[in-house]
Amino acid sequence: MQTIQLKKFGNVLVSRPAGLEAFNGIRPTLEQSTPVEIDFDDVLAVTPSWLDEFLTNLAEYMDGKVELLPTKNASVLAALPVLGMAREDAVAEIVQRALKRMEEKST
Amino acid sequence: MGGLLLQSEGISEEMTSLLTSVAGEVGDNSFMHNVANWQDVPGIFFAYDIGKRFIVLADRGQGVRATLSRVRPDLKTDAEALKVGFTEIVSGRAPEKRGNGLKVVRGIAESSPIGLQFRSGLGVVQIPRQPGPTEIGTTAENVRGTYAVITF
């Protein structure tokens with residue numbers, strides 16, 4: 001498993017262009033055959049647009065082999081349900097898996 | 001702004017995270033939907049007073065109705081456009097898979113002590129500071145572009 005620590009990109013992650021830049025920056029370091037997990041620790045806020053852009057590109061590149069680590073980040077928890085129902089694709093599946101795991105962990 | 005919010009008395013890390021996300025998304029929308037289409041003044045107005053608990057963002061772009069009319073040409077009023085923008089997964093930049101940002105903003109404002117007034121054209125979205133439902137209506141005063149006041 002590979003881990004992407006989002007704090008590498010800053011602690012406030014805003015805008016679609018910045019999300020795309022973050023993906024373009026991390027892509028050369030990723031091994032496509034190994035699943036990747038995303039760590040939200042030490043990030044203050046993520047906007048839905050940044051997360052959407054980053055996740056959409058990452059999910060496509062990794063062929064869906066992406067997992068979101070449990071987080072208590074309020075902005076991430078607010079964005080995930082909308083991203084999870086916005087469409088039927090790899091991102092929605094990734095988000096729904098993550099929300100289910102976090103729900104199971106909290107009960 | 002996030003750093004200042006964190007240092008402010010009575011504002012939790014959770015609130016800071018949500019406020020930063022709301023302001024960031026509204027401000028980013030102004031740029032994303034108006035690039036190369038500014039009416040006169042490019043860019044956005046952004047100001048905040050943490051002591052008075054408000055954040056203001058405004059742009060003189062095309063406005064929500066003009067943006068969404070590309071994918072929803074049946075929109076007849078600014079209020080209708082705001083309703084679509086804040087409640088439906090639709091983007092003025094279709095077929096790109098976008099258009100969920102304002103839904104997240106609404107969800108945050110409806111479920112936390114964050115208020116939002118968002119105006120575009122003659123349309124207005126009001127979400128009370130104390131958690132409550134969104135009201136969308138029409139005003140007498142036209143706003144060219146968008147104008148948002150976030151209270152907390």
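**View 1. B:Phe54 stands opposite B:Thr151 in strand β4(B).** This is a predicted model, in which local features need pLDDT of at least 70, side-chain atom pairs count only at pLDDT 80 or more, and totals for chains, interfaces and linings use all residues. Residues are numbered from 1 along each chain as its sequence is written, chains are lettered from A and ligands numbered from 1 in the order in which they are written, and side-chain values use heavy atoms, with hydrogens and water left out. Strand β4 of chain B spans residues 135-151 and pairs with β2(B) in the antiparallel sense over six bridges. Strands here are DSSP runs (E) of at least two residues and helices are runs (H or I) of at least four residues, numbered from the N terminus; two strands pair if DSSP finds at least two bridges between them.

**View 2. Strands β1(B) and β2(B) form a hairpin.** Strand β1 (residues 44-49) of chain B runs antiparallel to β2(B), and six bridges join them. Within this pairing, B:Ile44 has B:Asp59 of β2(B) as its bridge partner. Four residues lie between the two strands, and B:Arg53 in the turn has a positive phi of about 65°. Strand β2 (residues 54-59) of chain B is mostly covered, with five of its six residues buried. Buried means under 20% relative accessible area, exposed means over 50%, and partly exposed lies in between (1.4 Å probe, protein chains only).

**View 3. Helix α4 (residues 78-87) of chain B is mostly covered.** Seven of the ten residues of this helix are buried: B:Asp78, B:Ala79, B:Ala81, B:Leu82, B:Val84, B:Gly85 and B:Phe86. The buried residues of α4(B) pack against α3 (64-68), α5, β3 (115-127) and β4 of chain B.

**View 4. Chain B is in contact with chain A through 22 of its residues, which meet 23 residues of chain A.** Contact means heavy atoms within 4.5 Å. The area buried between the chains is about 1,700 Å², of which carbon and sulfur atoms give 67%; buried area is the accessible area (1.4 Å probe) that two parts lose on being put together, summed over both. Seven residue pairs, both members at pLDDT 80 or more, are in polar contact between chain B and chain A. A polar contact is a pair of N or O atoms within 3.5 Å; within protein, one must be able to donate a hydrogen and the other to accept it, and residues adjacent in sequence count only if both atoms are side-chain atoms. On the side of chain B that touches chain A, α1 (2-7), α2 (13-32) and α5 (101-111) each supply at least two residues. The largest share of that side, eleven residues, comes from α2(B).

**View 5. A:Val46 lies in strand β4 of chain A.** At 1% relative accessibility, A:Val46 counts as buried. Not counting residues up to four places away in sequence, A:Val46 touches A:Leu13, A:Leu51, A:Ser75, A:Val76 and B:Ser21.

**View 6. A:Asp42 and B:Ala36 have positive phi values although neither is a glycine.** Most residues other than glycine have a negative phi. A:Asp42, with a phi of about 65°, lies in the loop between β3 (36-39) and β4 (45-46) of chain A and is exposed at 58% relative accessibility. B:Ala36, with a phi of about 70°, is found in the loop between α2 and β1 of chain B and is exposed, with a relative accessible area of 74%.
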